[in-house]
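Hi,

Here is the structure I promised to pass on.

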Amino acid sequence: MLQAITKSAGLPLLAGALRGRLIAGDEKASKPPIAAGKLAIASPAAPLSQEDDAFLDELEKANYLFFGEQAHPETGLVKDRCNTRATDTGIVASIAGTGFGLTALCIAQQREWISLSDARDRAITTLRFLWEKMPTHRGFFFHWANVVTGERIWDAEASSIDTAILLCGVLTCREHFRHAEIYRLSHEIFNRVDWTWLSEDTSLLPHGWRPEIGFLPYRWDFYSEQTMMYLLGLGSLSHPLPPEAWNAWKRTTFEYDGLRYIGSYAPLFVHQYPQAWFDFRGKRDRYADYFQNSAVATEVHRRFCLELAKQFPDYSDDLWGITASDSRNGYVVWGGPPEIGPIDGTVVPSAAAGSLPFLPQATLRVLKNIKNRYVPNAWSRYGFVNAFNPLTKWYDTDVIAIDTGITMLMAENLRTGFVWKTFMKSPEAQRGLERANFTAYKR
């Protein structure tokens, strides 16, 4: 899922009136992004109401049930997806979903939904399996695996980005539990990853490697979720990326409805995933404040959906959000602007949920509306179903690990900043930001 979807080639631009409202420049952010006016950016000075906090608490508890119940008890691997309306017999695990699951375990223990001893045992089981039994290549994990055995599935690639998401969960566990065995296993797993092999002949990292063909032809060459991967590579002591890798990829500037930001021809999640762990608030590199940039990108996406309401009248200020997800016709990579994929009025709850810290008021309004208006069809034991379409009365039966994960982590970051505070204690994260020349500043 997380491969080759941020490539700009061949993706359609907006049709009709929308086309004139988006401007993209291919230079590396020759114009700095500008703020989106008075956006409702979250901060410690902007506490949630009791009602909003209670809503997010209910949502997070439901999300954690997925990770608690769909992680295999002997391997710790988390299923890629789960049918919430029937007995699920799937065996496909997601290595990225497992990274979200490790972080969800920390949140659950912090909130005392699971005891410290049980949480610690689960973390050790997972980390031990990842270190001792899970197949890897040069330390990189295969995208999909058998949830019971860990064996590679579907000719999956050894994935650079999915490994990065897993590593974020591994480091979060290490910093949260502060336990000798967890520390040892986390240290070994992280330092086994050979970033120098991945960057041997290029500063633009490949998406992955398959034993049948070698490196995949796609490169992480534009702004996307790959920021987390480059920062982790820069933060490695055993096999570090060269500092110039951070400056190698393009930061294309988009302008929509008077708002300018760094973006990609890609779904909204590319702005969200790195910042589930990396805390960019009050920091910037030579190009941007990426937290503020993601807030602008989310506001642009909201306005884009409102424009689409002329065609799909379900979209409104209370119901918007499109990102890569299930649809009635299968999995679709869609979003915008510019318009990507055959948008048909489908709503993806994780699009708003993944941006909770960026635009709290606007995203909470959407999520609470879905919970109040579309229950039980859009809600399950594990929280929101992956997607639904009010116009056609189609409701997904599944939840997907990474979308449930981004929902839970960003809800917790909005509430307490727990994931940010925990992950950012890691020397690897701090070293990555330092080598990428991030500096603190006051807006």
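Below are my notes on one helix pair and on some backbone geometry.

This is a predicted model, in which local features need pLDDT of at least 70, side-chain atom pairs count only at pLDDT 80 or more, and totals for chains, interfaces and linings use all residues. Residues are numbered from 1 along each chain as its sequence is written, and side-chain values use heavy atoms, with hydrogens and water left out.

Helices (H or I, at least four residues) and strands (E, at least two) are DSSP runs, numbered from the N terminus. The axes of α2 (residues 50-70) and α13 (residues 401-415) come within 9 Å and cross at roughly 145°; axes are lines fitted to C-alpha atoms, for helices over the stretch in contact, with angles from 0 to 180 degrees between N-to-C directions. Contact here means heavy atoms within 4.5 Å. Among the residues making it are Leu56, Tyr64 and Phe67 of α2 and Met408, Ala411 and Leu414 of α13.

Now the backbone. Most peptide bonds are trans, and most residues other than glycine have a negative phi. The bond from Pro337 to Pro338 is cis, with omega near -10°, and Pro338 sits in the loop between α10 (290-308) and α11 (349-353). Another cis bond joins Val375 and Pro376, with omega about 5°; Pro376 is in the loop between α12 (360-373) and β13 (379-380).

Glu112 is not a glycine, yet has a positive phi of about 65°. Its loop runs between α3 (95-110) and α4 (116-132). Asp257, also not a glycine, has a positive phi of about 55° and lies in the loop between β10 (252-256) and β11 (259-263).

Best wishes
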